Amino acid sequence: MKLGTMRGWLRGRGTAACSSTQGATPSAVHAGAPRCFRSDPRRTVALARAAGLLACLTGGVLASARPAHAQYVGQISAFVIDSRTGAVLSQLNPDLRRYPASLTKLMTLYVAFKALRNGQITLDQAVPVSAHASSMEPSKLGLVPGTYLTVEQAILGLVTKSANDAACALGELIAGGDESRFAAIMTQQAQALGMTNTVFRNASGLPDPEQMTTARDLSTLTRHLIADFPDDYHYFAVPGFLFHGHLVPNHDPMLKIYPGADGLKTGYTADAGHNLVTSAVRDDVRLVGVVMGARTNPQRSVVMAHLLDDGFAQEGVAPVVRPLVMARTRRRFGGRAAIALAAASRSIAGSAPAEVAELPETPRHGQHGRLRHVAAPPLKHAADTVRSHAPASAHGAHVRLVSTRVPAHPAHRKTRG
């Protein structure tokens, strides 16, 4: 369905997007088909705006129904809830079964926090590093077989660098040396929490065709992490930690760019796309957001920030000015890649020009981009953003480039957190 048609249908009917799976059996939905749902008017507006932003960022058209499978890179699933009440504020393909990538580590940490609370393990306990754990693909701490790290170091390795070797070693410690047994514990815990569409096969989130979850299920897990382990939740907000004399920084960009964000986790594999779970607090209102299947890290950050903004607005929380957020477009201008940083404040609007830098697709180190001005008139809806070649951000803010470096394409990375 084209974006214009979808947006008109949403506004006219007062329901959220639905595919031909309406009335389908639960098993059909579990197989990966988007589930139809209804929503009150304010949630419909939020979803319509989100759909517009997602469509603009991904090329102007939301993905239509596809054969059931777990790889939906570019077809975003999103879910935002009030953490305290569980009220759903916006949702898009919330029950599409997808690969969690490193979001798997949220359950690894849940099980670890539970083991700490029950006295099964302690923070200063030594975690042996097996050859199996050491062999995990990146992202990793580079643990050497036969060495040790503490439980707390493993936890910090998971929340900062999304270390696959630390996740495996921690799982082996809890499950008596068997990561597969630990994955079974994770799946049992997921079922106990009501995550009915989730199956885990390892502790790290490295690719496994049977390891799947949904945006809705991850929001359930996140709410429980916050509510069940309030004394341990602070780990998700650490900016980094020292390991063997080296600073390991936190991968989560939302901690730096979104006011009120205090964790949780990023995730990426080629088949999963770029995933993100974020919690943010403003005026004693805590929201939990999930974005899965984005094409790039900047895209998932922009989408998450927009959806959280809409969620806080629905909860009556006043908007705040956000730092600049990088959003790289897929369009090319004369062989150059356009990169834009979107200032995302609801309260900022006007008609001043935006600044956009055009960079060579393969810039040399230290090369600077060339600035040019483009018209950026005030925007009425988020769905009007990023139209044609004139970049603009959500809620009528303008765009100004402040960076000229292009990161390596994600296809060249095996697994990132």
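A residue counts as exposed when its relative accessible area is over 50%. Keep that cut-off in mind as you move through this predicted model.

**Stop 1**

Select His 244, in the loop that links strand 5 (240-243) to strand 6 (246-249). Its relative accessible area is 63%, so His 244 is exposed. Now look at the backbone: phi of His 244 is positive, about 55 degrees, although this residue is not a glycine. Why stop for that? Because most residues other than glycine have a negative phi.

Next, jump to Asp 284, which sits in the loop between strand 8 (273-282) and strand 9 (285-294). Is Asp 284 buried or exposed? With a relative accessible area of 78%, Asp 284 is exposed. Phi is positive here too, near 65 degrees, and Asp 284 is again a residue other than glycine.

**Stop 2: a cis peptide bond**

Select Pro 138 and Ser 139 together. The peptide bond joining them is cis, with omega at about 10 degrees. For comparison, most peptide bonds are trans. Ser 139 belongs to the loop running between helix 5 (131-134) and strand 4 (148-150).

**Stop 3: an enclosed helix**

Now colour helix 7, residues 164-174. How many of its eleven residues are buried? Ten are, so the helix is largely enclosed by the rest of the structure. Among the buried ones you can pick out Asn 164, Asp 165, Cys 168, Leu 170, Glu 172 and Ile 174. Follow the chain onward from helix 7 to Gly 176, where phi is positive, near 70 degrees.

**Stop 4: the nonpolar cores**

Show side chains for Met 107, Phe 113, Leu 141, Leu 149, Leu 221 and Phe 236. These residues have the most contacts inside the largest nonpolar core, a set of 61 residues. Several elements each supply at least two residues of this core, including strand 1 (77-82), helix 6 (151-159), helix 7, helix 8 (179-193) and helix 9 (215-228). Which helix gives the largest share? That is helix 4, with nine residues; helix 4 spans 104-117.

Zoom in on Leu 221 and display what surrounds it. Leaving aside residues up to four places away in sequence, Leu 221 touches Leu 106, Met 107, Tyr 110, Leu 193 and Met 195.

Finally, select Ile 257, Leu 276, Leu 307 and Leu 308. They are part of a second, separate core, which has 22 residues.

Key. Residues numbered from 1 in each chain as written. Predicted model: local features only at pLDDT ≥ 70, side-chain atom pairs only at ≥ 80, totals over all residues. Heavy atoms only, no water. Helix = DSSP H or I, 4+ residues; strand = E, 2+ residues; numbered from the N terminus. Buried < 20%, exposed > 50% of the residue type's maximum accessible area, 1.4 Å probe, protein only. Core = buried A, V, L, I, M, F, W, Y, C linked by side-chain atoms within 4.5 Å. Contact = heavy atoms within 4.5 Å.
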